[in-house]
Amino acid sequence: MMPTVANLYFIFSLVATAAHCIAVPNAQLLVARNSAGALDAAGNPITDALGAVGDAASAAANAVADAVHAAETAAARSIFGDSVVLNFDLDTATVGERNVKVVLCFGFVLLAAVIGFVVDFFTRGQQQKASSAPSYLVLALLAASYVILIPGLVAELFSFLIGIEVLGLNILLTTDNDKPSAITESTLGMVKLLFDTGGWIGGTLVLIYAMVVPAMKLACLIFAEQWRGNSDVAKVKTARKYIHFVQLISKWACPDMFAYILLLYLFRHIDANGQGLIHAPSELGVGFACFSTFCVVSTFATLAVNAPELPAEEDEDNRPPMAIRWFGQGQLYLATIGFFLIYAALFFIGLILPCMGMRLESALLVEPNGPLPASALPLVDALNLAGLVDVDVSMVRATGSLAGYIFQGELNDIFAVIMMSVFAMALPLLDMCTLVWASLKLSQQPSDLVAASRLIRLAKWLKHVCMLDVALMGIIVISFAGAAYKDQGVVFFLSIGIWVLLASEVVHYFTYYLVHDAVRWLEKAALKDHGDRK
C-alpha cells in the first residue's frame, strides 16, 4: 500500500507544481499588460476595470498556489510524517550569542592569569615551600582550565543536520531519539550515544581522551606537589616522574577537537555544494571553545611546572646513546638532515592527500533504517544525493576552507583554524627545524654544547605542544565513532593521507629522541669531566 500512496503523492506534486508554474506567471502577465494599458490610457474606466480583473486573477492564482502548497504539504506529512519541516535552520544560539560565551570563556582564563600574576608579584619569594614549586600564575591557569572543562564536557560541542529539498518540500533526514531533528552533541552526550549505538571502541577512546586523561593529569599534579619537598628521596623521585608524565600526556586530552574541526568542514562542504537539493548546516558550540581552551591552557601550564631537583647520582649506564654510537658526534647533523628530508616529504604529501572521507548510504535513509518510506529510495537515487554528499578531506583543504569563514566573525571558526594551522601543522615543522639546528651546533668544530642544550630544551617544549599526532588520533577516533552517524545515513572512513602523516610523525619522534639523547649524554659527560678536574 505504501508504494502506491507514495507514487500518487509524487504524481500529485508534479501536477501541482506545474499548475502553480502556469497559473501564477499567466496571472502576472495579465497584470503587467493591464498595467501597461493603464499607463497608455490613464483614467479610462475600461482600463481600470481590466486592471481590477487582473488584480483579482492574480490574487486568485496566488490563493490557488497556497491551497495547492497546503494540500501538497498535508500529503507529504501523511507519507513522511514530521520529517517535513519549514526550513533547515539550526535551532541554536546566534553567532553573536556564541561569541559572547566564547569571550567569557577566554576572559575567565585571562582574569585568572592576572590574579595569579598579581599574587606572585606581591608574595615573591614567599609562596613556595620549595624553590622549584609552581608559581601562583601557573596554579591559577591550571585551576581556571579545569573550571572551564566542566562546560567543555556538558555544553553544546557540535550541531548539524542533513536535509533534502524536493518539489518545494524540506525533508529532514537526521534523527535524534528516532525523531526527525537536528543533531546537537556534547562530549558526555557523544560518549553515551556511542555506547548506545554499539560504538564501544569509539566511545571508549572518547572517554579516555576527554575525561580519563584530564583526571589523571590533575591527580598526578596533586600527588607530585605533595611530595615535592619531602625528605624521602623516593617520594621526590616519584613526584618528578609524575610531573614528566603529566607533561607528556597533557596534549592528549584534545583529539576529539580536531575530529570535530574536520567534521565541520565536511558538512559545510556538503551545504555549499548541495546544488539546492541537499542541505547540511553545521556549527561549533561553546563546548568546543571551552574544551579546546582547557587543552591548550592546561598543556602550557603543565610545561611551566618544574620537576623537583634530585641529588646528583652516578648513572649506572654510561654507554653513549644510539646517535653517538651509530653516527658519531661529528656526523650526527648529516643523519638529522636526512631524517628531516624524509619527514618533510611525508609531511607535505600527507597534508595534501585526503586523510578522511564521508559517504552517504542511500539505503540507510529509508525504512527500516531512516525516516523515508522504502518507496522513496528510487527518488533518492535519482537525485544522486550520494554524489553530492561524498567528499574526501585533506588537512590543507580543510584548513584553507575554514579560513574563509573567519571573516563572518565566528570566534569558534578562528580558534579552529588556529588549532589546525598552528598546532597541527606549523609547530611540528618548526620542531624538526629546531632539531636540525641543534645537531648542527653539536657537530660543528668546536661544538657548541651550550647552544645545542638551549635548542633541545626548545625542541622539547615544542614537542609537547605540537599536535599533529593528536589530530591524527582524533581522525581515527571519529572513524571508530562512525556508529553514531550511521543511523543518519553517513559513513566515515580513513584515507591514505592519514597513514602518510602517521609515518611522518614516526620519523619526527625518532629524530627527536635521537638528537635529544645525544645532547643529554654529552651534557652529563661534560659535567662529569668538570667534576673530575676539580
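Biologist: Which residue is the bridge partner of Val85 in S4?

Modeller: Asn170 is the partner of Val85. Keep in mind that this model is predicted. That bridge belongs to the pairing of strand S1 (residues 84-85) with S4, which is antiparallel and has two bridges.

Biologist: Which strand is joined to S4 by four bridges?

Modeller: Strand S3 (residues 163-166), and S3 and S4 run antiparallel. Within S4, Leu169 is the residue that Val166 stands opposite.

Biologist: How do I read which way the side chains of S4 point?

Modeller: The general idea is that side chains in a regular strand alternate between the two faces of the sheet. Here S4 covers residues 169-172, with Leu169 and Ile171 pointing one way and Asn170 and Leu172 pointing the other way.

Biologist: Are these four residues of S4 buried or exposed?

Modeller: Buried, and that holds for all of them, Asn170 included.

Biologist: How many residues of S10 are buried?

Modeller: Four of the five residues in strand S10 (residues 356-360) are buried, so the strand is mostly covered by the cut-off of under 20% relative accessible area.

Biologist: Which strands pair with S10?

Modeller: Strand S11 (residues 391-393) pairs with S10 through three bridges, in the antiparallel sense. Strand S12 (residues 490-494) is also antiparallel to S10, and five bridges join the two. Met356 takes part in both pairings: Val393 stands opposite Met356 in S11, and Leu494 is the bridge partner of Met356 in S12.

Biologist: How many disulfides does the structure have?

Modeller: In general, a disulfide is a covalent bond between the sulfur atoms of two cysteines. A search of the whole structure finds zero of them.

Biologist: Why does Cys355 count as buried?

Modeller: Cys355 has a relative accessible area of 0%, and the cut-off for buried is under 20%, so Cys355 is buried. Cys433 counts as partly exposed because its relative accessibility is 36%, which lies between 20% and 50%.

Biologist: What does the secondary structure of the protein come to?

Modeller: The protein has 18 helices and 12 strands. Of its 534 residues, 47% count as buried. Among contacts with a separation of 6 or more, 81% come from residues 24 or more positions apart.

Biologist: How much accessible surface does the protein have?

Modeller: About 25100 Å², and carbon and sulfur atoms account for 65% of that surface.

Note on methods. Residues numbered from 1 in each chain as written. Predicted model: local features only at pLDDT ≥ 70, side-chain atom pairs only at ≥ 80, totals over all residues. Heavy atoms only, no water. Disulfide = S-S within 2.5 Å. Buried < 20%, exposed > 50% of the residue type's maximum accessible area, 1.4 Å probe, protein only. Contact = heavy atoms within 4.5 Å. Areas by Shrake-Rupley, 256 points an atom, 1.4 Å probe, with all protein chains shown as cover. Pairing = 2+ DSSP bridges.
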